[in-house]
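Let's take a walk through this structure together. Have a look at the sequence and the 3D picture, and then we'll go through them piece by piece.

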Amino acid sequence: MGRKVGIWMYQNGGGDIIEKKLVKKLKKRGIKAVTGINLRNAVVKKGHILHGETKVDKLDLFFSYNAGEQTQYQVYLYKALNRVIPTINSYESFALTEDKFQTAYILKQNGIPTPEFFLCHRDDTKHLEKIIKKWKKMVYKPTDGWGGVGLTKIDGSETLKMLMPFLNYADLRYFYVEKFVKYDNTDFRVDIVDGKFVSCYGRKAGKDDWRTNVTSGGSVFLREPNDEVINLAIKAAKVCGTDIAGVDIIYDLEREEYVVLEVNGIPAFATPEQEKLGLDFNDRKIDLIVDLIDRKTKEKK
Ligand SMILES: Nc1ncnc2c1ncn2[C@@H]1O[C@H](COP(=O)(O)OP(=O)(O)O)[C@@H](O)[C@H]1O
Ligand SMILES: [Mg+2]
C-alpha cells in the first residue's frame, strides 16, 4: 500500500498556495496527502481517531501547521496521535516551544545564550521585587503568548508595584520575567528545517514600540545572517527537538553576543506580499519539508 499523510495547514497569508505546492511535490514522491485534517472535528471511536472517513491514526504521518487555530481539544488529540504515528513537529517539541519558560530553560541548560530569566510562584512577590532592583528593567511574558501580545515592559520598582494588582487579578500560577535586553530594536528570524538552514530575514520594531513583531507594528526587511546566527539557530532547533523551527535572535549590546528569544514551532512561510519584498525561501522550505516527510514515512514503513 502507498504512503499517505494527513495535513492541517493554515490557509490565510498564502498558506493555501503553499499547501497546494506541498501536496503536488509529495505526490511526485508517491505520497498521497489528505488535507484539512482539523482535529477539532475529529472524534475517537472504537479505538481510532476519526476525521470524517479518515482513520487519522492509520496515516503514515501527520503534518500540523496551523498556529492560529489550535484549541485545547486539538492539542489533546495531537498528543494521543503522536503516540501512534510520527507527527511534524513531534508533540513533545511542539508542546515545548509553545511555552517560553520551558524553552528558555532547556536552551540555557544546553549552553545556548538567552536573556536572563526568572520564574517564581505567584505569591513570591518579594523575590520579584528583588529582581527588578537588580535588573532595573524587565519584561513580563505570558509563557504561552505570541505576536508580542501581553508582553509588558517593567522599568523599575514603581512600575512593578503599579502592575501587581493587575497581575494578581489575572490569577496566574507563576510569574515569568526576563531581563530587558538592550538591543537595536531589530531581530533575526531564522528558519530551520531538519537541521538545515532555510532562510533568514529581519524585523524592526515600529518607532513607538520595542517589540519587533509585525502584529505589534514591526516591519520585515531582508537581512543576511552571519555564521554565528545560523549556527545558534541550528543548535536551538536541535535542543528543542523541532523538525521545523523559526528561531528569534537579537544582539545583546551589553553582553555583546547574540541571544535566542524564542523558538517558534510553526513559523509562517513568506506571505505573497513578503515574497514581493524579496523573501524567496518558500520553495526551498517546501522542498526540505517534502524530503523530511519522505524520509520519516519510509522509516515508518
Ligand atoms: N528580554 C527581552 N528584552 C528586550 N526585548 C524583548 C525581550 N523579549 C522579547 N523582546 C521583544 O519582544 C518581541 C516578542 O518577544 P518573543 O519572546 O519573541 O514573543 P512572541 O511569541 O510574542 O513573539 C521580540 O521580538 C523582541 O522584539
Ligand atoms: Mg517572537
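Ala, Val, Leu, Ile, Met, Phe, Trp, Tyr, Cys and Pro count as nonpolar, Asp, Glu, Lys and Arg as charged, and the others, Gly among them, as polar. What you're looking at is a predicted model, where local features need pLDDT of at least 70, side-chain atom pairs count only at pLDDT 80 or more, and totals for chains, interfaces and linings use all residues. Residues are numbered from 1 along each chain as its sequence is written, while chains are lettered from A and ligands numbered from 1 in the order in which they are written.

Start at ligand 1. Its shell splits into nine nonpolar, five polar and six charged residues. That makes 20 residues around ligand 1, with Pro 115, Glu 178, Val 181, Arg 211 and Thr 212 the closest; a residue counts as near if its C-beta atom, placed from the backbone, lies within 6 Å. Domain 2 (117-179) and domain 3 (183-287) each supply at least three residues of this shell, with the bounds coming from an automatic or database domain assignment.

Now for the inside. A nonpolar core is a set of buried Ala, Val, Leu, Ile, Met, Phe, Trp, Tyr and Cys residues joined through C-beta atoms within 7 Å. Buried means 20 or more other C-beta atoms within 10 Å of a residue's own, exposed means 12 or fewer, and partly exposed is in between, with C-beta atoms placed from the backbone. The largest core has 59 residues, and Val 5, Ile 192, Ala 236, Val 247, Ile 249 and Val 260 touch the most other members. This core lies between domain 1 (3-88) and domain 3 (183-287), because both give residues to it. A second, separate core has nine residues, including Leu 128 and Met 138.

Finally, find Lys 238: it is partly exposed, because 14 other C-beta atoms lie within 10 Å.
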